[in-house]
Amino acid sequence: MTGMGARHGDAELKKELDATLHARRELGDEYESALVDSFLEKVEQRLDGAVDRRVRRQLAEQQMVVARGTRSPQSSDSWGERFGFGIVSLVLAIPLSAIGGGVAHLPGLLVAWAGIVGVNVVQAARLSPDLFRRRKARPESDWEE
């Protein structure tokens, strides 16, 4: 919840907490755990509702991006994702190389590395669609246009 909705929700939760504390004073220690459980259930329902709204909003935004055929300006294609994928790829290359080389010797090693390179090429193409397109020939100097 944001803005007015958050303040309204906070006021309602404060009222719920006050009512729970008042009931605890009247009913005594025997009902404390039941009252606390009831209050926490209400808090959990509020949180679930807020999370559901946020997820629905994000799904709607993603559907709009897909419907438009464009990529989201806040996509997660960051340097960290690329770096992480490269590290994971290299870490997994060690056991794959050992298994491929141990089972099928050089051909197995070549197949393992062809798969590793293939996965990295697909990832690079996904993150940078213009990476493998041919570039237009540029004039060698500004004078030749």
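The model is predicted, and local features need pLDDT of at least 70, side-chain atom pairs count only at pLDDT 80 or more, while totals for chains, interfaces and linings use all residues. Residues are numbered from 1 along each chain as its sequence is written, and side-chain values use heavy atoms, with hydrogens and water left out.

## Overall architecture

The chain holds three helices and zero strands, and along the sequence these elements follow the pattern α-α-α. Helices here are DSSP runs of H or I with at least four residues, strands are runs of E with at least two, and both are numbered from the N terminus. Helix α1 covers residues 3–27, helix α2 covers residues 32–68, and helix α3 covers residues 79–127.

Of the 145 residues of the chain, 13% count as buried, where buried means under 20% relative accessible area, exposed means over 50%, and partly exposed lies in between (1.4 Å probe, protein chains only). The accessible surface of the chain comes to about 12200 Å², and 61% of that surface belongs to carbon and sulfur atoms; accessible areas come from the Shrake-Rupley method with a 1.4 Å probe, and for residues only the protein chains shown count as cover. Among the contacts in the chain with a separation of 6 or more, 46% are accounted for by residues 24 or more positions apart, a contact being heavy atoms within 4.5 Å.

## Salt bridges

Side chains of opposite charge can pair when their charged atoms come close. The structure holds six salt bridges, each defined as a side-chain nitrogen of Lys or Arg within 4 Å of a carboxyl oxygen of Asp or Glu. Three of these pairs are set out below.

| Pair | N to O distance |
|---|---|
| R46 and E12 | 2.7 Å |
| K42 and E16 | 2.8 Å |
| E32 and R24 | 3.2 Å |

In the salt bridge between R46 and E12, the pair links distant parts of the chain, with R46 in helix α2 and E12 in helix α1, 34 residues apart. R46 is partly exposed at a relative accessible area of 25%, and E12 is likewise classed as partly exposed, at 27% relative accessibility.

The salt bridge between K42 and E16 also links distant parts of the chain, with K42 in helix α2 and E16 in helix α1, 26 residues apart. K42 is partly exposed with a relative accessible area of 32%, and E16 counts as partly exposed at 25% relative accessibility.

The side chains of E32 and R24 form a further salt bridge, in which E32 is partly exposed at 34% relative accessibility and R24 is partly exposed with a relative accessible area of 29%. Salt bridges that share partners join R24, D29 and E32 into one network.

## Buried serine and threonine residues

T20 lies in helix α1 and counts as buried because its relative accessibility is 14%. Leaving aside residues up to four places away in sequence, T20 touches L35 and F39, and the C-alpha atoms of T20 and L35, which are 15 residues apart along the chain, are separated by 6.2 Å.

Helix α3 contains S89, which is buried at 13% relative accessibility and, apart from its neighbours within four places in sequence, is in contact with I116 and N120. S97 is placed in helix α3 as well and is buried at 15% relative accessibility; not counting residues up to four places away in sequence, S97 touches G102, L109 and W113.

## Surface patches

Patches are made of residues with over 30% relative accessible area and no salt bridge, with like charges joined within 9 Å and nonpolar side chains (Val, Leu, Ile, Met, Phe, Trp, Tyr) joined within 5 Å.

A negative surface patch is formed by D37, E41, E44, D48 and D52. Within this group, D48 is found in helix α2 and is partly exposed at 40% relative accessibility.

A nonpolar surface patch is made up of L90, L106, L109, L110, W113, V117, V121, L131 and F132, which together have about 860 Å² of accessible area. One of its members, L106, is found in helix α3 and counts as exposed because its relative accessibility is 54%.

Definitions and conventions. Lys and Arg count as positive and Asp and Glu as negative; His and the chain ends are not counted. The place of a charge is taken as NZ of Lys, CZ of Arg, CG of Asp or CD of Glu.
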